[in-house]
Amino acid sequence: MTATAPPKEALALHGGTPVRAELLPYGRQSIDEDDILAVVETLRSDWLTTGPKVNEFEEAFAARVGARFAVAFSSGTAALHGAAFAAGVEPGDDAITSPLTFAATANCILYQGGRPVFADVREDTLNIDPERVAKCITPRTKALLPVDYAGHPADLDELHQIADDHGLTIIEDACHALGAEHRGRRVGSISHMTVFSFHPVKHLTTGEGGMVTTDNLRFAETLRKFRNHGINSGARERQAQGQWQYEMVLLGFNYRLTDIACALGLRQLSKLEKNLARRREIAGKYTEAMRALPGVLPPVVRNEVRPAWHLYPLRLELASLSATRAEIFQAIRAENIGVNVHYIPVHLHPYYRERFGYKHGDYPVAEAAYESLISLPMFHGMSDGDADDVLRAVGKVITEYAT
Ligand SMILES: *Cc1c(COP(=O)(O)O)cnc(C)c1O
């Protein structure tokens, strides 16, 4: 797999031999034979959707994160939409979120007719800054949507204090943070609602899929209706009871997750612990190597958390490098290491600029972070050799440009 090192470590960008012959992606799923068998078994069963695997997956998931309820959705984005609905976000309301996230976190506020308000992130963890959140609160504020960036839990104590003081609902976007812990508590059991994604690059995959966890029965009931057209009973319950009546009581969507997907999710969940351990191992290896390299800063981990390491976002100290982030990105990419950037700040996307008038300079911490971030490949299926290739490529490129 690994190409032999050229005599002089010429960058692949400059015609040297790339560290790898084939591209290592920044993230990818691991599917084992038992995952495939579970899916096939469900395909042979009576229920492809609205069947028993949905409950089974939800119950196992709730138990794993320590929540009373888990409600499965067809994607993390649909789950965010459901949570925004259940929180009662509606036209005239604001909800506060981080600019350094995937657009879906802010979009779910727009789906409900609310206005997304951004509060800038902290320098160290790049999570939303509670002090800035406090300054954004007005009588219009309905909800807070912190993001556990890269899998590092946000400042949940401070945010919950703010939410309690102002009667706000916290929807924690934990799409990066399945398996993370904050002060010994599991993410998924802390906020009013916590949202997860099962996209293939996340810790557990169902192809597409998502989940909301909550301890609040009213939220759980609303979420179940919302994902099923606003109907107050399931097809399987009706079949079991020999009934045809149902009532649509709110305007919902078809955001259901199939039994096929839930069967896969159940198998994947059983391997979460092992996969988390592997991600933590890779992160440890990366951080040790990055500490020895000039011009780069490993991600900050605060004492009170155990991150889940969805991403490994490296920060470049551009002042001590003779290249831009774009050049360094291209150079690492040319070595066949699939680096990525998380994220283009949401407020700088054309839709947000045009609709809300956001511009460069509005959230300087997130913008400066964005200019210096590079995500290294991070997934539990990576071999030691893969991780070594990443470190060789980063070392090669950074050494070339260090001043
Ligand atoms: C992946 C992700 C989502 C959306 O999840 P999908 O399952 O792809 O819809 C939302 N927020 C964050 C932070 C994510 O990383």
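Buried residues (under 20% relative accessible area with a 1.4 Å probe, protein chains only) make up 57% of the 403 residues in the protein chain. The model is predicted, so to speak of local features requires pLDDT of at least 70, side-chain atom pairs count only at pLDDT 80 or more, and totals for chains, interfaces and linings use all residues. Residues are numbered from 1 along each chain as its sequence is written, and side-chain values use heavy atoms, without hydrogens or water.

Begin with the whole chain in cartoon view. The chain holds 14 helices and 13 strands, assigned as DSSP runs (helices H or I, at least four residues; strands E, at least two) and numbered from the N terminus. The C-alpha trace spans about 75 × 55 × 40 Å along its principal axes.

Next, select Tyr-286, Met-290, Tyr-312, Ile-328, Leu-376 and Val-394. These have the most contacts inside the largest nonpolar core, which has 34 residues; such a core is a set of buried Ala, Val, Leu, Ile, Met, Phe, Trp, Tyr and Cys residues joined through side-chain atoms within 4.5 Å. Colour α10 (272–291), β12 (312–316), α11 (325–334), β13 (373–376) and α14 (384–401), each of which supplies at least two residues of this core. The largest share, 8 residues, comes from α14.

Now centre on Tyr-286. Leaving aside residues up to four places away in sequence, Tyr-286 touches Tyr-312, Leu-376, Pro-377, Met-378, Met-382, Ala-387, Val-390 and Leu-391, where contact means heavy atoms within 4.5 Å.

Finally, select Val-71, Ala-95, Val-195 and Ala-220, which are among the 28 residues of a second, separate core.

Key. Buried means under 20% relative accessible area, exposed over 50%, partly exposed in between (1.4 Å probe, protein chains only).
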